[in-house]
Amino acid sequence: MILFQRFSFGKLFTSKKSRKLSSEIRLWNEIGREKDHILMAHVSSWLVSPENVFRWEATIKGPASCPFENGVFVLSVHIPKDFPFKPPKITFKTKIFHPNINERGEISVDILGSRWTPSWTINLVLLAICSVLSDPVEPFFPGNPAARLYRKNRKAYEEIAIEWTVKYARG
């Protein structure tokens, strides 16, 4: 009993090294976890290199009945060492015309910022981003031409989004 009183569990689980290790364990579990049919129908993700569990790539299939239908979009996923306490940085590598995605592929959605929670998995975040393709959400990127057009002329926005999907996301 005295041995347990002297042992400090707090130090064991709060060091930077142990947080990194627990992040790696969680990410390996996420990669190995079987995906449900809804997720598999829209999202595919993989490690860029088995030596680095913090760097993933993914594809998202454009949802039906929206300008991105039949498009396949490639994304880059950079996961911080203190994941899941900090959100991943996800960017579109495929060019896309969307109010929540700027010209550098950066995504403006609250789940990757102020509304991040450690309960999110990488694949669930990717699925949420997929749903944002068909239903853009505020806040949009300031100065984003797609956001301006989306607010001003939805039909013209959809025409350009379809054109870009055909040109860049159907290779």
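This is a predicted model: local features need pLDDT of at least 70, side-chain atom pairs count only at pLDDT 80 or more; totals for chains, interfaces and linings use all residues.
1. Strand β2 and strand β3. Strand β2, residues 52-61, pairs with strand β3, residues 72-78, in the antiparallel sense, and the pairing extends over seven bridges. Within this pairing, Glu57 has Ser76 of β3 as its bridge partner.

2. Strand β3 and strand β4. Strand β3 also pairs in the antiparallel sense with strand β4, residues 89-92, here over four bridges. Val77 has Ile90 of β4 as its bridge partner.

3. Geometry of helices α6 and α7. The axes of helix α6, residues 145-152, and helix α7, residues 154-168, come within 6 Å and cross at roughly 140 degrees. Angles over 145 degrees would count as roughly antiparallel; α6 and α7 are therefore oblique to each other.

4. Residues of the helix contact. From α6, the residues Ala146, Leu149, Tyr150 and Lys152 meet Arg154, Ala156, Tyr157 and Ile160 of α7. By class, the contact of α6 with α7 comprises six nonpolar and two charged residues, with no polar ones.

5. The largest pocket. The volume of the largest pocket is about 200 Å³. It is lined by 16 residues, of which Lys95, Ile96, Asn102, Glu103 and Trp164 are the closest to its centre. The lining of the largest pocket divides into seven nonpolar, five polar and four charged residues.

Technical notes: Residues are numbered from 1 along each chain as its sequence is written. Side-chain values use heavy atoms; hydrogens and water are left out. Axes are lines fitted to C-alpha atoms, for helices over the stretch in contact, and angles run from 0 to 180 degrees between N-to-C directions. Helices (H or I, at least four residues) and strands (E, at least two) are DSSP runs, numbered from the N terminus. Angles under 35 degrees count as roughly parallel, over 145 as roughly antiparallel, 65 to 115 as roughly perpendicular and the rest as oblique. Contact means heavy atoms within 4.5 Å. Ala, Val, Leu, Ile, Met, Phe, Trp, Tyr, Cys and Pro count as nonpolar, Asp, Glu, Lys and Arg as charged, and the others, Gly among them, as polar. On a 1 Å grid over the protein atoms alone, a cavity is a set of points where a 1.4 Å probe fits but cannot get out, and a pocket is an open set with protein on both sides within 12 Å along at least five of seven lines; lining residues have an atom within 4 Å of a point. Grid points are joined across faces, edges and corners, and a volume is the space filled by probe spheres set on the points. Two strands pair if DSSP finds at least two bridges between them.
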